[in-house]
Amino acid sequence: MIRKFITRLLGRQPTLGKRVDVPHARHQIDASQLPNSALTVVRTLQQAGFEAYIVGGAVRDLLLGLKPKDFDVATNATPEQVKPLFRRALLIGRRFRIVHVLFGREVIEVSTFRATPVEHSAVDGDARNARALADKHHAVDASGRVLRDNVWGPQEQDAARRDFTVNALYYDPTRDIVVDYHHGLRDLKARTLRMIGDPAQRYREDPVRLLRVARFAAKLGFTIAPGTRAPIAGHAELLQGVPSARLFDETIKLLQTGHALASLEQLRALGLHHGLLPLLDLALGQPGGEAFVTAALGDTDARLAQGKTASPSFLFASLLWPQVASHWRAAQAEGVPAIAALDQAADEVLGAQSARLAIQRRIASDMREVWQLQPRLARRTARYAEALLEHPRFRAAFDFLLLRARTGDAPPELASWWEEYQHADAQQRATLLEQATRDSGADAAKRRRRRRRKPARSDASASADAGDTADTADTAD
Ligand code: ATP
Ligand code: MG
């Protein structure tokens, strides 16, 4: 009765699932796997008389035997009720208000059950006031995109507003049950990624879900349910309306899943890679671009698999490099010296890219440094080499050089020279520097001889020779 009234007042409600309590025998989650932090949060909330569950990715990963990245808790307590229950807790977010409970360096994210957004087209005149009220917390733009999401609701609605059935599972460690409203456990066992509700409508509400399909399909190796997959290409355009900062966050998540290569494959298969990183399309179209981007993403995945980190700046520096390198070559061909030509190329590429994807300023400046150090790594004089070793971005620039050398974009000898130089003692370094001077002298002589034989040559290396030979000896041709 009440629901019918609310439905009439607010418009059509999306499909709510039927609650199923799955016992231990069917879910077999090993509660001893849970960190104390998450258990403490759930128990504290329950002891204060609230409902509390571990939710989302952590439950999904536990069921799949994967190690959860982090633990989120969902509760019927409001953020204001949650906060005083913990000694160290912060109220955060505007678009999506939540509480962060801190345990040392660990953070447990506690979110209040949220109501499902209503379809505004279905709202009639009578309900205008109610809608205006709801809009204050639950704003939706003209295309149906949810701008704010702070209306609390019952758990069944919280489940219905989550993206995929396998992401809408709740685990109560006290009763040792998994609460499932949308056959999430069945889909998980069948390794299927299925959108809850009407997929097309859900993509309109939040186009970032298009990218989330690619991310989870790649990360979990799941099959995308046909109905979830079919509307994707037709809605790809909507990504253009996503604020660039959010697009950046989702892209980072996608590239740092440890399955960046698979994610890129998924994006391409789903026809989504075009809108995302406009210059990525171009990068993949550059000669050698495909090999370079593939190697960079493969490296990232390998680093993450070894428990290392992959910095966003290195990732984006790699993704945009084929484009930078092509502008760099072009500028040198017009006679701009190598280092200045690289600055110019970096400006052009970052400028074009930032219109679409807000690369944070700090990240953009780190990217630029990694690129700018490339021609400097080719200049192997005593003064330069020692200064470079001290440079805070040397490690990243050297890793970048290794990547370039592996894909035929830089001479392998240069990469191995730096490998040796870093670990050499003073005497060995002197020898290496002498050898470098001899080699670059020999290179320059070779080029001079070639130039005399072919005076009308106009390609990049010819004009670069006219500039600073030491800078370009290893990188320009
Ligand atoms: P990961 O392990 O990669 O963090 P996750 O499932 O925890 O995966 P998050 O992005 O951390 O993913 O989101 C947490 C949960 O919030 C999801 O499992 C899902 O239930 C819900 N969620 C997140 N983003 C959306 C969205 N755009 N639309 C609907 N539900 C979402
Ligand atoms: Mg998560």
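Visitor: How do I read the way helix α19 and helix α20 pack, and at what angle do their axes cross?

Guide: Two packed helices are described by the angle between their axes and the distance between the axes. In this predicted model, α19 (residues 338-354) and α20 (residues 361-377) have axes that come within 9 Å and cross at roughly 150°. The axes are lines fitted to C-alpha atoms over the stretch in contact, with angles from 0 to 180 degrees between N-to-C directions. Helices are DSSP runs of H or I of at least four residues, strands are E runs of at least two, and both are numbered from the N terminus.

Visitor: Which way do α19 and α20 run relative to each other?

Guide: They are therefore roughly antiparallel, a label for angles over 145 degrees. The crossing of α19 past α20 is right-handed, that is, the near helix is turned clockwise from the far one by less than a right angle.

Visitor: Which residues of α19 and α20 meet?

Guide: From α19 come I339, L342, D343, A346, D347 and L350, and they meet A364, M367, R368, W371, Q372, P375 and R376 of α20. Contact means heavy atoms within 4.5 Å. By class, this contact has eight nonpolar, one polar and four charged residues; Ala, Val, Leu, Ile, Met, Phe, Trp, Tyr, Cys and Pro count as nonpolar, Asp, Glu, Lys and Arg as charged, and the others, Gly among them, as polar.

Visitor: Which residues of helix α3 are buried?

Guide: An α-helix has 3.6 residues a turn, so residues three or four places apart point the same way. In α3 (residues 36-47), the buried ones are S37, A38, L39, V41, V42 and L45. Buried means under 20% relative accessible area (1.4 Å probe, protein chains only). Their cover includes β2 (52-55), β3 (72-75), α5 (79-82), β5 (98-103) and β6 (106-112). After α3 comes G49, with a positive phi near 95°.

Visitor: And L193, buried or exposed?

Guide: L193, in strand β9 (residues 192-193), is buried, with a relative accessible area of 0%. Leaving out residues up to four places away in sequence, L193 touches F164, V166, V213, F216, A217, F222, T223, I224, A225 and T228. The C-alpha atoms of L193 and T223 are 6.0 Å apart, though 30 residues separate the two along the chain.

Visitor: How many helices and strands does the protein chain have?

Guide: There are 26 helices and 10 strands, and buried residues make up 51% of the 477 residues.

Key. Residues numbered from 1 in each chain as written. Chains lettered and ligands numbered in written order. Predicted model: local features only at pLDDT ≥ 70, side-chain atom pairs only at ≥ 80, totals over all residues. Heavy atoms only, no water. Parallel < 35°, antiparallel > 145°, perpendicular 65-115°, else oblique. Expected span 1.5 Å × (residues − 1). Buried < 20%, exposed > 50% of the residue type's maximum accessible area, 1.4 Å probe, protein only.
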